[in-house]
Amino acid sequence: MFEIQTNTAASKPELYQDLCEQARGILAGEPNVIANAANFAALVYHSLPDFNWAGFYLYDGTELVVGPFQGKPACIRIALGRGVCGTAAESRQTQLVRDVHEFEGHIACDAASNSEIVVPLVNADGSLFGVWDVDSPSVGRFDDEDRAGMEALCAVFMEAVKASH
Ligand code: SME
């Protein structure tokens, strides 16, 4: 069994660094991308405070389709360019949304969500893999340290995707 380690005295960058190491450990040697995505979502969701949803939307060649996640059931399909996820996918830029109610076109899956961060996931050949989406019930939950930390975590995940080919 995998034990999640959370050092509550650590700074946010330290927490993310530690989480990256745990993610590397949990993904190492496993080529199944869905299994890795499921464990990655569970690890992140249960290691950091104040989240109500954390998971993947995977690109099927046409649109984003919900993948492994933790949280309440979510919208299944999101077109590129739609909502925070579709915007991240289309622009290939991380979207850090302080208050989802101020983001035009935000797709409300869980009424409890008030802030959100979405990181685009791009394959080694430049094609779109999907997005990594985390929601919080608190306005302003995510800052630049979370952006850097989530992007570092996603880089660890995409290394595992690359290794599985
Ligand atoms: N809020 C997202 C939709 C996905 S859920 O948050 C899980 C969006 O606007 O794209």
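Helix axes are lines fitted to C-alpha atoms over the stretch in contact, and the angles between N-to-C directions run from 0 to 180 degrees. The helices and strands themselves are DSSP runs numbered from the N terminus, helices being H or I of at least four residues and strands being E of at least two. The model is predicted: local features need pLDDT of at least 70, side-chain atom pairs count only at pLDDT 80 or more, and totals for chains, interfaces and linings use all residues. Residues are numbered from 1 along each chain as its sequence is written, and side-chain values use heavy atoms, with hydrogens and water left out.

Six strands form an open sheet in the order β3-β2-β1-β6-β5-β4, with antiparallel pairing; two strands pair if DSSP finds at least two bridges between them. Its edges are β3 (77-78) and β4 (95-97), each of which pairs on one side only.

The hairpin joining β2 to β3 passes through five residues. Between β1 and β2, also antiparallel, there are six bridges, and Ala-54 stands opposite Gln-70 of β2. These two strands form a hairpin with four residues between them, and in its turn Gly-61 has a positive phi of about 100°.

The loop between β4 and β5 contains His-106, whose side chain makes a polar contact of 3.4 Å with the side chain of Glu-116. A polar contact is a pair of N or O atoms within 3.5 Å; within protein, one must be able to donate a hydrogen and the other to accept it, and residues adjacent in sequence count only if both atoms are side-chain atoms. Leaving aside residues up to four places away in sequence, His-106 touches Gly-83, Val-84, Val-100 and Glu-116, where contact means heavy atoms within 4.5 Å.

Helix α3 (residues 83-91) lies across β1 (53-59), β2 (64-71), β3, β4, β5 and β6 (128-136), at about 35° to β5. Helix α4 lies across β1, β4, β5 and β6, and runs at about 35° to β5.

Helix α4 (residues 144-163) also meets helix α2 (residues 33-47): their axes come within 10 Å and cross at roughly 160°. That makes α2 roughly antiparallel to α4, a term for angles over 145 degrees, just as roughly parallel applies under 35 degrees, roughly perpendicular from 65 to 115 and oblique to the rest. The contact includes Phe-40 and Val-44 of α2 and Leu-153 and Phe-157 of α4. By class, its residues are ten nonpolar, one polar and no charged. Nonpolar covers Ala, Val, Leu, Ile, Met, Phe, Trp, Tyr, Cys and Pro, charged covers Asp, Glu, Lys and Arg, and the others, Gly among them, are polar.

Helix α1 (residues 12-27) is a further partner of α4, with axes that come within 9 Å and cross at roughly 10°. The two helices are therefore roughly parallel to each other. Among the residues that meet are Lys-12, Tyr-16 and Arg-24 in α1, and Glu-145, Asp-146 and Gly-149 in α4. This contact of α1 with α4 has twelve nonpolar, one polar and four charged residues.
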